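Here is a friendly briefing to read alongside your model. Please keep the sequence and the 3D view open as you go.

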Amino acid sequence: MNDQKFTELVEIFKRLRDPEKGCPWDIKQTHESLVQYLIEESYELKDAIQNQPDKIQEELGDLLLQVMLHSQIASDEGRFSVYEVISTLSEKLIERHPHVFGELVVKDAEEVKKNWDKIKTDKNKTSRLAGIPKSAPALFQAELIGKKVAAANFDWEVVSEIKVKIKEELLEFLESEPGSAHEFEEFGDLLFTLAQYSRKLKFSAEDSLLAACTKFTKRFQAMELIAGQDLSELPKAELEKLWSKVKLADCGK
């Protein structure tokens with residue numbers, strides 16, 4: 001039954017992309033035009049995992065839709081099919097898990113990750129950093145770079161050493177000429193080091209910043225509600241009072 005369901009799904013996408021009887025929207029799509037939807041669906045799945053577990057199944061389906069449509073586009077162009085996508089994935093999983101499908105013995109998940117990276121690097125004969133997607137969010141790239149070089153033992157020994165580096169980068173940023181290229185560079189160095197700190201403590205810098213955005217939005221909207229008028233019409237001193245009030249109320253909960 002499961003194989004039949006997958007075959008039916010493949011046929012659905014073939015029909016959607018049929019030049020004569022298919023859907024006009026699906027027919028006109030390209031790999032490039034679908035990128036925005038792939039990103040959106042990934043974030044919606046992430047939100048479901050974190051906030052709405054009952055929607056995970058639906059969101060996984062929406063993400064699978066993207067995989068199927070991309071595969072069908074490639075199939076229509078005579079490049080590869082979804083079956084070849086699956087075959088490539090299967091081969092990679094077997095190759096990257098010699099402790100499951102071979103004789104290698106590992107002690108924990110961390111060693112599994114190191115072996116995965118080593119196999120990948122040895123096979124591709126490239127830099128450890130070659131596979132980092134350039135289109136990914138900068139904070140994500142920073143954390144991934146840190147993970148990759150840490151696997152090569154190029155990392156801080158303890159968290160306290162990163163704190164020292166953060167203070168150093170902050171000082172260099174504050175001493176930079178405002179608006180200069182040097183300030184731009186030092187600001188980036190500071191953000192990069194902060195991302196390494198979060199990586200070392202095993203929390204996401206992206207999620208931490210998102211939480212800060214959510215908190216600020218909540219407090220600002222509370223200010224608007226209390227004021228009952230456009231905040232731009234109030235003097236700076238009044239805005240500061242409102243901010244202190246909503247912050248105190250929020251922290252007191």
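Predicted model: local features only at pLDDT ≥ 70, side-chain atom pairs only at ≥ 80, totals over all residues.

Residues are numbered from 1 along each chain as its sequence is written, and side-chain values use heavy atoms, with hydrogens and water left out.

**How H1 meets H5**

- Helix H1 (residues 2-16) packs against helix H5 (residues 82-96) at an angle of about 130 degrees, and their axes are 11 Å apart.
- Helices here are DSSP runs of H or I with at least four residues, strands are runs of E with at least two, and both are numbered from the N terminus.
- Axes are lines fitted to C-alpha atoms, for helices over the stretch in contact, and angles run from 0 to 180 degrees between N-to-C directions.
- H1 and H5 are therefore oblique to each other; angles under 35 degrees count as roughly parallel, over 145 as roughly antiparallel, 65 to 115 as roughly perpendicular and the rest as oblique.
- H1 brings Phe 6, Thr 7 and Val 10 to the contact, and H5 brings Val 82, Tyr 83 and Ile 86; contact means heavy atoms within 4.5 Å.
- Five of the residues in this contact are nonpolar, one is polar and none is charged.
- In this grouping Ala, Val, Leu, Ile, Met, Phe, Trp, Tyr, Cys and Pro count as nonpolar, Asp, Glu, Lys and Arg as charged, and the others, Gly among them, as polar.

**Salt bridges**

- The structure holds 13 salt bridges, each being a side-chain nitrogen of Lys or Arg within 4 Å of a carboxyl oxygen of Asp or Glu.
- One of them joins the side chains of Asp 155 and Arg 199, at 2.9 Å from N to O.
- That pair links distant parts of the chain, 44 residues apart: Asp 155 is in the loop between helix H8 (138-150) and helix H9 (159-174), and Arg 199 is in helix H10 (residues 181-200).
- Asp 155 is partly exposed at 25% relative accessibility, whereas Arg 199 is buried at 11%; buried means under 20% relative accessible area, exposed over 50% and partly exposed in between (1.4 Å probe, protein chains only).
- A network of salt bridges links Asp 155, Arg 199 and Lys 200.
- Within H9, Lys 165 and Glu 169 sit four residues apart, about one turn of the helix, and form a salt bridge with their closest N and O atoms 3.4 Å apart.
- Lys 165 is partly exposed at 23%, while Glu 169 is buried at 6%.
- In helix H12 (residues 236-251), Lys 236 and Glu 240 are also four residues apart, and their salt bridge has its closest N and O atoms 3.9 Å apart.
- Lys 236 is exposed at 62%, and Glu 240 is partly exposed at 42%.

**A look at H10**

- H10 has 20 residues and reaches 29 Å from its first C-alpha to its last, close to the 28 Å expected at 1.5 Å a residue; the expected span is 1.5 Å times one less than the number of residues.
- Its buried residues include Glu 186, Leu 190, Tyr 197 and Arg 199, and their cover includes H8, H9 and helix H11 (205-227).
- After H10 comes Lys 202, with a positive phi near 65 degrees.

**Lys 148**

- Lys 148 lies in helix H8 and is buried, with a relative accessible area of 14%.
- Leaving aside neighbours within four places in sequence, Lys 148 is in contact with Asp 117, Lys 120, Arg 128, Leu 129 and Ile 132.
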